[in-house]
Amino acid sequence: MSSIAVRRKICPLLGLFLAVPAAIGQSAQIAPAKPAVLEIQTEKTLHSVSPTLYGLMTEEINYSYDGGLYPELVRNRALRDEGWEQQDWTLLQNKEAGAEMVMDKTTGPSAALTNSLKLTIKAASATEPVGVRNKGFWGYALKPNTTYSVSFYAKGDVGGGQMWPLKVSLVNDKTGKPVATATTPVGGDWKQYQLTLKTGAIPTGTDNHLELTAISTGTLWLDLVSVFPPTYKDRPNGFRIDLMEKMAGMHPAFLRFPGGNYLEGDHIAERYDWKKTIGPLVDRAPPPPPPTHPSPWSYHSSDGLGLLEFLEWCEDLHANAVLAVYAGYSMRQEHVDPGTALDPYVQDALDEIEYATGGPETKWGAERAKDGHPAPFTVSYVEIGNEDFFDRSKSYDGRFKQFHDAIKAKYPSLQLIATTPVTGVVPDVVDDHYYKSAEEFFDDTHHYDKADRGGSKIFVGEYATMEGSPTADFGAALGDAAWLTGIERNSDLIVMSAYAPMFVNVNPGGMQWHPDLIGYDGLTSYGSPSYYALSLFAGYLGDQVPDSTLTGAGPRFFYSVTRQQSTGMVYLKLVNASPVPQDLEIKLDKASGAVGKLLRLRAETQADTNSIANPKHIVPVESPLPLAGPSLHHTIPGFSIEVLEFPGKK
Ligand code: AHR
């Protein structure tokens with residue numbers, strides 16, 4: 001049982017926290033010092049809260065998409081990654097069969113997929129089948145009584161114009177026995193085959209693989225082999241259900257995509273080239289080389305999660321799209337000079353915006369309709385590049401202006417985000433990134449308090465307290481929550497904020513960056529303490545910041561308060577980053593007297609965390625919050641993050 005649960009059992013009501021020494025850990029509760037006083041003047045509104053304050057940032061890192069949110073079970077399905085035959089696909093045969101598996105660079109199912117897996121079978125029978133095996137991403141995560149959608153392109157030459165019965169099986173690694181099987185006749189020229197595999201009463205597990213086997217001699221070519229589990233809202237080529245639910249739990253107002261460094265690529269040729277990510281999968285990412293789309297994070301992207309899928313992801317989460325367009329700079333100091341050389345990239349961005357937002361009568365809107373989504377998406381913000389302060393050529397001033405002028409000319413109402421301050425034009429918004437220790441965030445929560453309100457708005461497009469691995473620990477959650485109190489206080493200037501990176505596959509070799517917000521393997525996922533802190537902050541947010549004053553609090557104590565104008569509900573966030581409890585006298589000028597709510601996230605130590613094995617060690621605990629009069633005596637325990645919800649008066 002978690003320490004949170006124990007404490008809740010001892011004292012379920014707010015304000016009656018008993019100074020119980022913790023059984024373990026370093027944070028034995030010391031008697032609180034003199035109460036601090038927090039006065040909230042709900043009558044006096046300082047400013048409104050940005051309606052898009054909390055959102056999500058994403059990119060292909062840590063197997064976020066392939067091997068993560070994009071739930072394709074076949075690894076290297078289009079045979080386009082290096083090392084395909086050693087790592088992902090292996091030949092299945094008995095020793096006498098003399099079969100051969102090679103990469104055939106002369107034939108493929110489309111102009112984009114020009115290679116294929118060629119399987120030559122010299123001897124095979126019903127008792128000695130021959131075929132290929134795919135090991136998947138850390139195995140095939142299979143569940144009982146579940147239907148998997150299988151598809152593949154194949155061409156077969158078995159002689160005499162016959163069709164070849166090809167068996168597709170999901171097989172348990174340990175028993176070698178199929179857990180689901182289907183057979184389809186293949187033969188003739190390239191064609192897509194589709195079937196379903198349904199598991200029975202199998203144990204849930206990842207120790208499974210895929211086999212495609214034949215029982216007669218001949219030659220078979222295969223490509224774009226796909227096995228998809230059920231997806232969120234049953235969307236074809238859609239998203240992993242538990243990860244979408246986790247994101248929905250964060251109440252995101254927007255999603256920034258596709259990155260991050262993933263947008264830029266190491267080299268210009270490895271940028272996120274959106275036109276190669278749309279249309280049927282079999283037509284995506286056409287050559288010329290590089291033959292795949294390497295992400296800068298040491299593995300290749302299948303581009304299965306392309307521009308339309310990003311937009312549908314926003315649609316599924318009811319989040320606005322914050323579209324990041326490639327701006328002519330890649331991470332190995334490659335850039336395109338402003339001027340005519342940059343024109344094609346600017347045009348690509350204009351086309352991309354049209355693909356997302358144009359009606360079906362426009363060129364790229366028609367492409368989107370052809371791809372299956374006639375209705376335009378809403379995009380209010382476009383970000384031009386990513387972290388262009390790294391560009392040592394200092395070309396961003398010119399590049400930004402060129403994109404800015406072209407986009408504003410065609411889409412005057414779009415808000416344009418610069419990735420660093422620029423000269424020559426005032427961007428609507430500037431994207432600031434912060435990766436800091438908890439201590440650094442504690443010291444910087446007033447960063448924006450005195451910032452100029454007359455210029456660009458701010459997007460805190462990436463931030464994270466750099467503590468915990470693979471996911472943020474409770475110390476990081478304290479840093480993040482303290483930082484967010486400053487974001488809320490300055491939510492007139494800060495229009496959006498997002499944690500980064502969001503996802504990590506916790507399997508060996510899955511992580512390139514830590515900490516991350518949400519961890520998973522093939523089967524299950526968990527939220528870090530920071531995930532819960534962020535979810536609380538976004539889930540309990542008003543639309544106004546009322547005036548307030550705090551006196552007498554100890555160091556490492558942070559708060560923010562917002563109010564919902566239509567209901568009068570007041571949301572108070574408290575962060576006690578010290579091990580010592582903080583006594584607080586909360587004075588509200590207008591209290592309704594109704595019972596409110598307390599949500600508490602706490603841990604014994606900063607190192608406490610959640611994990612794939614212990615996913616709910618630290619989760620918010622809810623209890624009632626009785627507020628009889630205009631004042632409440634409240635003690636916030638050491639190492640705690642709280643939301644207090646006060647039903648107010650309108
Ligand atoms: O979040 C990880 C990386 O950090 C992002 O890709 C990049 O924008 C930043 O440097």
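**Entry 1: contacts along the chain**

I looked up how far apart in sequence the contacting residues are. In this predicted model, I took the contacts of the protein chain with a separation of 6 or more, and residues 24 or more positions apart account for 75% of them. One pair I noted is A112 and D283, which are 171 residues apart in sequence while their C-alpha atoms are 5.1 Å apart in space.

**Entry 2: the chain as a whole**

I listed the secondary structure next: the protein chain has eleven helices and 34 strands. I then checked the radius of gyration, which is 28 Å; the globule rule gives 26 Å for 650 residues, and the two values are close, so the protein chain is as compact as a globular protein of that length. Along the principal axes, I read a span of about 90 × 60 × 40 Å for the C-alpha trace. Of the 650 residues, 60% count as buried.

**Entry 3: the ligand**

Which residues are around the ligand? I found E59, G260, N261, W297, N386, E387, Y435, E462, A500, P501 and W513. By class, I counted five nonpolar, three polar and three charged residues in this shell.

I then looked at N and O atoms that face oxygen atoms of the ligand. For N261, a backbone N or O atom lies 2.9 Å from a ligand oxygen. For N386, a polar side-chain atom is 3.0 Å from an oxygen atom of the ligand. For E387, a polar side-chain atom is 2.7 Å from an oxygen atom of the ligand. I also checked how much of the ligand is covered: taken alone it exposes 280 Å², and the protein buries 94% of that.

**Entry 4: cis peptide bonds**

The peptide bond from A500 to P501 is cis, with omega near -15 degrees. P501 sits in the loop between strand 23 (494-499) and strand 24 (503-505).

I noted another cis bond, from H514 to P515, with omega near 0 degrees. P515 is in the loop between strand 24 and strand 25 (518-520).

**Entry 5: helix 5**

Is helix 5 (residues 307-317) mostly covered or mostly uncovered? I found it mostly covered, with ten of its eleven residues buried. Among the buried ones are L307, F310, W313, C314 and L317, and the charged residues E309, E312 and D316 are on the list as well.

What covers the buried residues of helix 5? I noted that the cover includes strand 2 (56-57), helix 3 (241-248), strand 13 (254-257) and strand 16 (320-325). Helix 6 and helix 7 (363-370) are also part of the cover. After helix 5 comes H318, and I read a positive phi there, near 55 degrees.

Helix 6, part of the cover of helix 5, spans residues 343-357 and holds D351. Is D351 buried or exposed? With a relative accessible area of 10%, D351 is buried, because the cut-off for buried is under 20%. Leaving aside neighbours within four places in sequence, I found D351 in contact with W274, K275 and W364.

I went back to A112 from the first entry. A112 lies in the loop between strand 4 (100-104) and strand 5 (116-121). Its relative accessible area is 3%, so A112 is buried too.

**Entry 6: the loop between strand 12 and helix 3**

I looked for positive phi values in residues other than glycine. K233 has one, about 55 degrees, and N237 has one near 55 degrees. K233 lies in the loop between strand 12 (218-228) and helix 3, and N237 is in the loop between strand 12 and helix 3 as well. I checked the exposure of K233: its relative accessible area is 48%, so K233 counts as partly exposed.

**Entry 7: D405**

I found D405 in helix 8 (residues 396-410). Its relative accessibility is 33%, so D405 counts as partly exposed. Which side chain does the side chain of D405 make a polar contact with? It is the side chain of K401, at 2.5 Å. I also looked up D405 and V425, which are 20 residues apart along the chain, and their C-alpha atoms are separated by 9.4 Å.

Key
Residues numbered from 1 in each chain as written. Predicted model: local features only at pLDDT ≥ 70, side-chain atom pairs only at ≥ 80, totals over all residues. Heavy atoms only, no water. Near = heavy atom within 4 Å. Polar contact = N/O pair within 3.5 Å; in protein donor to acceptor, adjacent residues only side chain to side chain. Areas by Shrake-Rupley, 256 points an atom, 1.4 Å probe, with all protein chains shown as cover. Helix = DSSP H or I, 4+ residues; strand = E, 2+ residues; numbered from the N terminus. Rg over C-alpha atoms; globule rule 2.2 N^0.38 Å. Buried < 20%, exposed > 50% of the residue type's maximum accessible area, 1.4 Å probe, protein only. Contact = heavy atoms within 4.5 Å.
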